[in-house]
Amino acid sequence: MKEKHSIIRWKGLLFAMLWALSLGVFAQNITVKGNVKDDAGLEVIGATIVVEGNAAIGTITDADGNYVLNNVPSNVNLVFSYVGMKSQTVPVNGRTVIDLVMKTDTELLDEVVVVGYTVTSKRALISSVSTVNAEQMEALPVTNITQGLAGRSPGLIVVGNGGGINKMQNLSIRGGGTPLVVIDGIIRDYNDFVTLSPEDIEGMSILKDASATAVYGSRATNGILQITTKGGRLGKPALTYSFNQSWSQPAIWSKKMDLWDRASYANIGRKNDGLDPMFGEDALKAMKDGSDPLNYPNTDWRGLVLKDWAPQAKHSIQLTGGTEANRYFISLGHINQNSLYKINNHYLKQTNFRLSQTSTIESIGLTSSATIDGYLQETSHPYTSTSSGYYQVFSHIQNKSPLEKGVNKFGLPYDTADNPVGETAADVGYNKENKRNINGNLQLRWAL
């Protein structure tokens with residue numbers, strides 16, 4: 001009798017374990033929506049909502065503070081965040097509607113921000129200055145910093161410039177023109193900001209109003225992007241290495257109709273216009289079963305030219321350390337970004353470097369800071385007489401009829417007009433651009 005009770009207990013324990021496991025493994029994906037307001041009862045525009053531990057599932061609130069998040073596992077937590085507000089983690093627990101009231105982060109308002117040649121607090125300039133969390137930018141799989149700034153600062157408008165290799169976004173502050181860029185107190189070109197590695201940024205302030213930009217005069221009419229880069233830190237040498245491998249594809253990737261669908265709808269259109277059909281029943285049958293590929297090839301132009309995913313690899317290594325008398329910071333980063341083209345003749349290769357050293361002679365109060373930074377960049381795109389960029393290649397992929405042949409039986413492209421297989425082939429012409437940029441900055445500060 002004792003042995004029977006033991007067997008029953010083991011069966012019950014096994015059933016409980018399997019039931020608990022099934023709850024985690026087979027958690028359903030649901031759609032969660034709701035509204036986000038601040039502690040004053042106003043809608044929060046641009047608040048970020050992501051799944052905890054999986055930032056790939058996320059969204060932002062619209063102009064009314066509403067959000068919709070699809071494909072959310074029913075047993076995860078959602079993280080709500082916004083500049084100047086306290087981040088909150090909320091368990092889903094199977095709910096499909098989650099409203100939230102976010103509270104102002106009073107400690108964040110007292111943080112020190114750089115304004116021109118002086119500093120102040122966020123509280124004093126709450127409407128004039130906002131900051132971007134540099135640490136959150138470091139892990140983003142972006143080729144340039146402008147691609148990761150959307151929704152990270154009130155008043156900063158990021159306008160998309162299409163997909164593709166190293167596409168930089170257009171930035172404006174409250175709808176103005178391109179803002180002035182100031183890096184470590186020096187006015188720099190906008191491209192120097194675009195190519196700046198996120199891992200090298202210590203802090204970033206957005207100066208919006210006249211009270212914050214007055215020190216730079218009329219040059220700051222459109223606002224200022226104020227960046228402070230990292231420098232050496234006291235302590236033993238510390239070496240940091242990070243690697244990010246990512247794959248991307250267009251957010252909207254509509255499925256194209258095949259040859260039979262196109263021919264069928266063409267016949268329907270002609271019938272509606274009182275005309276005879278364009279394709280007969282024999283032709284439609286051959287299109288559907290693929291029995292006559294010579295006359296009805298059903299060419300998939302997208303499949304011939306493009307991959308499903310574009311890979312990108314990002315490396316970063318940093319060395320920092322020093323003493324009271326001498327501190328140093330060394331940074332080296334490399335990005336290798338490929339495109340959706342099956343032939344790898346369209347790419348971006350960029351190497352960033354930064355060397356910073358600060359020395360202090362305490363006996364006379366003299367401090368010297370020297371920085372050398374720059375980048376090496378190489379981009380390449382296939383080039384022919386009928387195609388020199390994205391517009392031509394993708395328009396030919398999208399618009400060419402599946403009745404036209406793309407390649408012959410040997411896999412070589414047909415010599416036909418606007419053939420995107422030939423326009424992106426490995427042995428066609430190319431448009432290659434190499435950029436070399438280096439900047440130096442030497443500062444002497446003498447405390448008399």
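**Entry 1: the whole chain**

What share of the contacts in the protein chain with a separation of 6 or more comes from residues 24 or more positions apart? I get 62%, with contact taken as heavy atoms within 4.5 Å. Before going on, I note that this is a predicted model, where local features need pLDDT of at least 70 and side-chain atom pairs count only at pLDDT 80 or more, while totals for chains, interfaces and linings use all residues. Residues are numbered from 1 along each chain as its sequence is written, and side-chain values use heavy atoms, with hydrogens and water left out.

I looked up the secondary structure next and found ten helices and 22 strands in the protein chain. Helices (H or I, at least four residues) and strands (E, at least two) are DSSP runs, numbered from the N terminus. Of the 448 residues, 37% are buried. My cut-offs are under 20% relative accessible area for buried, over 50% for exposed, and partly exposed in between, with a 1.4 Å probe and protein chains only.

**Entry 2: salt bridges**

I searched the whole structure and got nine salt bridges, each being a side-chain nitrogen of Lys or Arg within 4 Å of a carboxyl oxygen of Asp or Glu.

I went to Asp373 and found its side chain in a salt bridge with Arg188, at 3.1 Å, N to O. This pair links distant parts of the chain, with Asp373 in strand 21 (residues 366–383) and Arg188 in strand 14 (residues 186–188), 185 residues apart. Both Asp373 and Arg188 are buried.

Asp373 also meets Arg354 in a salt bridge, at 3.8 Å, N to O. Arg354 lies in strand 20 (residues 347–361) and Asp373 in strand 21, so this pair ties together parts that are 19 residues apart in sequence. Arg354 and Asp373 are both buried.

Glu202 sits in strand 15 (residues 201–207) and Arg233 in the loop between strand 16 (224–229) and strand 17 (235–248), 31 residues apart. Glu202 counts as partly exposed, because its relative accessibility is 40%.

**Entry 3: Glu423**

Glu423 is in helix 10 (residues 420–423). Its side chain makes a polar contact of 2.8 Å with the side chain of Thr386. I use polar contact for a pair of N or O atoms within 3.5 Å; within protein, one must be able to donate a hydrogen and the other to accept it, and residues adjacent in sequence count only if both atoms are side-chain atoms. Leaving aside neighbours within four places in sequence, the contacts of Glu423 include Pro382, Ser387, Val393, His396 and Asp418.

I then turned to helix 9 (residues 390–399), where Val393, Ser395, His396 and Ile397 are buried. The buried residues of helix 9 pack against helix 8 (301–305), strand 21 and helix 10.

**Entry 4: positive phi**

Most residues other than glycine have a negative phi. I noted Asp418, not a glycine, with a positive phi of about 60°. Asp418 is in the loop between helix 9 and helix 10 and is partly exposed, at 32% relative accessible area.

Asn93, also not a glycine, has a positive phi of about 50°. Asn93 lies in the loop between strand 6 and strand 7 (100–102) and counts as exposed, at 60% relative accessibility.

**Entry 5: Met85**

Is Met85 buried or exposed? Met85 is buried, with a relative accessible area of 13%, and lies in the loop between strand 5 (77–81) and strand 6 (88–91). Met85 and Asp38 are 47 residues apart in sequence and 8.3 Å apart in space, C-alpha to C-alpha. Beyond four places in sequence, Met85 is in contact with Asp38, Met102, Lys103, Thr104 and Asp105.
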